[in-house]
Amino acid sequence: MSRKWWHDKVAYQIYPKSFMDTNGDGIGDLRGVISKLDYLKELGVDIIWLSPIYQSPFVDQGYDISDYYKIAEEFGTMEEFDELLAETKKRDMYVLMDLVVNHCSDKHEWFQKALADPYGKYAGYFHFVKGKDGKEPSNYRSYFGGSAWEPVPGTDMYYLHMFAREQPDLNWENPALREEIYKMINWWLDKGLAGFRIDAIINIKKDLDFPSYEPDGPDGLVCCVKMVEEVEGVGEYFEDIKKNTFAKYDAFTVAEVFNMKDDELGEFIGEKGHFSTMFDFSAHMLAQGDKGWYNSRKPEFKAWRSTIFDAQLCLQKVGHAANIIENHDEPRGASRFLPEHARNEAGKKMLATTFLFLYGIPFIYQGQEIGMTNCRKNDISEYDDISTLDQYQEALAAGCTEEQALECCYENSRDNARTPMQWSDGENAGFTTGTPWLPVNPNYTEINVKDQESRPDSVLNHYRKLTALKKSPEYKEVFTYGRFIPDHEDQEGIFAYHRKTDEQDILVAANYGTEPCTLKMNNASAKVLLSNVGTEDVRGQEIAETGAVTLESCEAVVLLLG
């Protein structure tokens, strides 16, 4: 594998709307991001990914872009963005932006011109398709529910929107559209961006016949992803994007990819892959129900461990993974992946330990480093997320009570990750002096940065220790390029693996069970590099005397063997 500049980095996702507000309007802003760069640097962050900050009506929280060349006034100005780039450069940090080019906003100039002339140039930037028998062209259901087709006023045509109706899909078959997008990408890279997180990119390839399929629900519709799974040739688009943009700048690209075909992994992130890396969502897919949130599942430990191990073994054969516990589209990892008995600081530090040293580049999501959790709401009206409102109605339609439907939202809502960052135990968690756009999680008085910075044994300070160890000169090589090898899979509740080179062998081991568990070492010589509960000296002596290490419930250790 060729070595890349980003291989040994730690990334951090910022959801700007909820990160830090400096002007009191209740919405986070670029000035707030700038004010926290030293905090991020101390955390060990190298790469910052900003969720969309472009001009937008915010129907889907900025993933509906109305102008790719403008900063939304809610977040600040282009001058402040340029200042952010300059300040990150001073700290040897990098900035990624979201690249959202499967769709745009219906308020975008292109779409407005298309509506004004449905048979003209700009209509060709979208999928304007004639209906069949006075109805929609096909029976696709959008990702957010309801038909994926919306009538084009004054015509017998419909336009395709795989997400909200305010997010018309772009027509990638059109060379003029592709040139516009490449021009925009290069404009941002010329400004000094290090690269992009690429949103929903698998969806850009369409079957232009738009065939109907067997319905998968009582509404007579089928999820639009069926068409995505059936169509061929999306890789040709990806290579064209790469050749015309990313490759010219040695840009770092991390793709959001679902529904990839089994044999395509190497094409996506291999030595000459379309993208630098892609997120590993395998563990998150475990929790998904086949009908909706109302039949989602709680990940069982053995299945979760096996899923991560299998993904790691597969990914390391072809490229570098991008690992996540949570992001802006997922509930909090501490609430999803930790068993009930481990939903405490020791458990959160254990989860962090097992996550940070996996093969690939870790993406920490804002608030993860202090162990933020899901936020319980009392009524559906308290949710903002468009997907949550849809899934609540889906649950009711499936026969759930209002209480059951609300519980589904508590466990799965995207708003769980979008509550404001908890900086202190002061008013509005120190996020804003105004009224926050989304209420803060009430547990901010117990879980916040200010408190954790003052405690050496806090979750935050453990994350700092983890990133420091991962990037230390002595161990950077093994944690960046060392082989991932599972271990102790036969022991109940144990999550253990090696990172191994010819020179070094490091064992990461954690006890997710409720009872102490003893792990025998093949080599009695071991140095305890880190413990999540401060037992380095005790465990080191135990290994020297017995050739084994006993982990209490929620205890994790990092051991240098040999």
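Select Arg 539 to begin. Arg 539 is buried, with a relative accessible area of 9%. The cut-off for buried is under 20%, so 9% falls in that class. Keep in mind throughout that this is a predicted model.

Arg 539 sits in helix 19 (residues 536–546), while Glu 555 sits in the loop between strand 21 (548–551) and strand 22 (556–561), so the pair ties together parts that are 16 residues apart in sequence. Is Glu 555 buried or exposed? Glu 555 counts as buried, because its relative accessibility is 1%.

Side chains of opposite charge can pair when their charged atoms come close.

**Next stop: Asp 46 and Lys 471**

Select Asp 46 and Lys 471 together. Their side chains meet in a salt bridge of 3.0 Å, N to O. Asp 46 counts as buried, because its relative accessibility is 8%. Lys 471 is partly exposed, with a relative accessible area of 23%.

**Then: Lys 206 and Asp 169**

Move to Lys 206 and Asp 169. Here the side chains form a salt bridge of 3.1 Å, N to O. This pair also links distant parts of the chain, 37 residues apart. Lys 206 belongs to the loop between strand 10 (195–198) and strand 11 (222–223). Asp 169 belongs to the loop between strand 9 (157–160) and helix 5 (175–191). Lys 206 is buried at 3% relative accessibility. Asp 169 is buried at 0%.

Stay in the loop between strand 10 and strand 11, and select Phe 210. Look at its backbone. Phi of Phe 210 is near 45°, a positive value in a residue other than glycine. Phe 210 counts as buried, because its relative accessibility is 2%.

**Another positive phi: Asp 92**

Which value does phi of Asp 92 come near? Phi is near 55°, positive in a residue other than glycine. Find Asp 92 in the loop between helix 3 (78–90) and strand 5 (94–99). Asp 92 is exposed, with a relative accessible area of 57%. The cut-off for exposed is over 50%, so 57% qualifies.

Now select Glu 87, which lies in helix 3. Glu 87 counts as buried at 17% relative accessibility. Draw a distance line from Glu 87 to Ala 283. Their C-alpha atoms are separated by 35 Å, and the residues are 196 apart along the chain.

**A network of salt bridges**

Select Asp 60, Asp 329, Asp 385, Arg 414 and Arg 418. These residues are linked in a network of salt bridges. How many salt bridges does the count come to? The count comes to 42.

Go on to Asn 416. Asn 416 is found in the loop between helix 15 (402–412) and helix 16 (449–453). Is Asn 416 buried or exposed? Asn 416 counts as buried, because its relative accessibility is 1%.

**A polar contact: His 488**

Select His 488 and Gln 491. A polar contact of 3.0 Å joins their side chains. His 488 is found in the loop between strand 16 (483–487) and strand 17 (494–500). At 10% relative accessibility, His 488 counts as buried.

**Last stop: a charged patch**

Which residues form a negative surface patch? Select Glu 232, Glu 239, Asp 262, Asp 263 and Glu 267. Zoom in on Glu 267, found in helix 9 (residues 265–269). Glu 267 is partly exposed, with a relative accessible area of 44%. A patch residue needs over 30% relative accessible area, so 44% passes that cut-off.

Notes
Residues numbered from 1 in each chain as written. Predicted model: local features only at pLDDT ≥ 70, side-chain atom pairs only at ≥ 80, totals over all residues. Heavy atoms only, no water. Patch = residues over 30% accessible without salt bridge, like charges linked within 9 Å, V, L, I, M, F, W, Y side chains within 5 Å. Areas by Shrake-Rupley, 256 points an atom, 1.4 Å probe, with all protein chains shown as cover. Salt bridge = Lys/Arg side-chain N within 4 Å of Asp/Glu carboxyl O. Lys, Arg positive; Asp, Glu negative; His and termini not counted. Charge placed at Lys NZ, Arg CZ, Asp CG, Glu CD. Helix = DSSP H or I, 4+ residues; strand = E, 2+ residues; numbered from the N terminus. Buried < 20%, exposed > 50% of the residue type's maximum accessible area, 1.4 Å probe, protein only. Polar contact = N/O pair within 3.5 Å; in protein donor to acceptor, adjacent residues only side chain to side chain.
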